[in-house]
Structures are given as structure tokens and as C-alpha cells.
Amino acid sequence: MRVGVITFPGTLDDVDAARAVRYADGEAVPLWHADHDLKGVDAVIVPGGFSYGDYLRCGAIARFAPVMTEVIEAANKGMPVLGICNGFQILAEAHLLPGALIRNHKLHFVCRDQWLKVENNDTAWTTRYDKGAEILVPLKSGEGGYQADRNTLDELEGEGRVVFRYVGDNPNGSRNNIAGITSANGRVVGLMPHPEHAIDALTGPTDDGLGMFLSLLDAVVNA
């Protein structure tokens, strides 16, 4: 399994994402923002950070990076793509996922370990979880409030495309407590919390996040 991990100017969590891929017995392939080349990978991770300094709007500039032209084309052909935190914002800006991420409702950066409920275990990134399971992973973002119009929310809920939901207090004002969603075909997933920081109980709050990367291994092997 070869998984591309993109680095933009301002990316912070590409190294952690690559480590998570290796924990799942995959090969992490560095992808540079300025290249029109996915290097023949089986999947792509758009990691967290502050791409282009979050200027204009989180993800708004990164969405037009040359590498994203290739990601959009590959995703539309069914390649698994995961957007984590800033990566989720970029996927929303690229219209690979609906809705938008805005400033947290209390206007503070939130950094804490966060419980999530698994709502959909049929995506390329979540098959290793039981539906309804609760997992603990870090959350660290200032603009993580998921927003969408009522029709979009009804569509996401009705089609089972909410992948993760916040448990307990809503940390950022996301509509319907949404922490992560998926595309209609279940191949593209975006979430604000950081599963790549919860792959080893020695360095994270749990190893609950590893299931996402093991799920991808299953999806690639069984493709």
C-alpha cells in the first residue's frame, strides 16, 4: 500500500500522517504541493496544519495548488482520500466534500482529547470500527465548526454520510455535532480531529486512530 502525504507551505502534521501509514504497514510517499504528480500512489492524505498561513480562508489557497488538481481528478475516479483538520478544510474548498469549516463558536483555539462516535463504518477509512463505537483522539483547531445549509445536512444525515460525531460538549459549534463526513461513494473522508496522533498509546491518548489507516489497508488490498 503506497499512500501519498501532501506537504504545503505551513503543513504541520505530514510527518505524523506518514508515521501512521507506516504503522499500518504501508509506504508513505511524500507529495509536494507544487507538483502535478501523485507518484502512482493508492491513496492520498491531506494532512493538518496551516497551509499558506490560513490566509484568505483556511484551505482557500491550498485548494488551487498544482497537486490538488491531481487529487481532485483521482478522487473523482475513486481513489481514497483522507483530509485531516486543515486537510478537511482543503477538501471542502475543493468541493470534494460539502459544507465549510468556520471559526469555532467560542472564538478560541481548542486543543484537547476528544471522544467521537463512529456513525459510518462503510467508508474506505472506517471499516475496522464497529458502528456506534466511541474513540478518543486529539482535536486541535481554531476553525473547526462544520457548517452547511439545511438541505445539505438532511442529505448527509439521510444518506448516512456523517462518519464521526462529537460526544459530549460540542467543541466548536459544528452543526449536528458533526466531526467528519464522507463523499457519496465513501472514498473521500474529512474530519477535524487527528487520528494520526492516536496510533500508539505511548505517544497519544489511545491507539484508536490507527483503525483508520488499517481500514485503508483493507480497502486497497481488497480493491
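1. Glu 196 first. In this predicted model, and leaving aside neighbours within four places in sequence, Glu 196 is in contact with Asp 13, Asp 16, Ala 17, Ala 20, Ile 84 and Phe 213. The residue sits in the loop between β11 (188–191) and α5 (210–221). Its relative accessibility is 1%, so Glu 196 counts as buried, the cut-off being under 20%. Its side chain makes a polar contact of 2.7 Å with the side chain of His 194.

2. Both of those residues carry an annotation. An unreviewed UniProt entry places the feature "active site" at Cys 85, His 194 and Glu 196. The three span 112 residues in sequence, yet no two of their C-alpha atoms are more than 10.9 Å apart, so they gather at one spot. Of these residues, Cys 85 and His 194 are included in the lining of the largest pocket.

3. Now Cys 85. Its place is the loop between β4 (81–84) and α3 (86–93). Cys 85 is buried, at 6% relative accessible area. Beyond neighbours within four places in sequence, Cys 85 is in contact with Gly 48, Lys 140, Ser 141, Leu 191, Met 192 and His 194.

4. Then the core. The largest nonpolar core holds 69 residues, and Val 44 and Ile 45 have the most contacts inside it. Helix α2 (residues 66–76) supplies the largest share of this core, 6 residues. In soluble globular proteins, nonpolar side chains tend to be buried together.

5. Setting aside neighbours within four places in sequence, its contacts include Val 3, Val 5, Ile 6, Leu 82 and Trp 125.

How values were computed. Residues numbered from 1 in each chain as written. Predicted model: local features only at pLDDT ≥ 70, side-chain atom pairs only at ≥ 80, totals over all residues. Heavy atoms only, no water. Core = buried A, V, L, I, M, F, W, Y, C linked by side-chain atoms within 4.5 Å. Buried < 20%, exposed > 50% of the residue type's maximum accessible area, 1.4 Å probe, protein only. Helix = DSSP H or I, 4+ residues; strand = E, 2+ residues; numbered from the N terminus. Contact = heavy atoms within 4.5 Å. UniProt positions renumbered as here; feature names shortened; annotations may be inferred. 1 Å grid on protein atoms, 1.4 Å probe; cavity = no way out; pocket = protein on both sides within 12 Å on 5 of 7 lines; lining within 4 Å. Polar contact = N/O pair within 3.5 Å; in protein donor to acceptor, adjacent residues only side chain to side chain.
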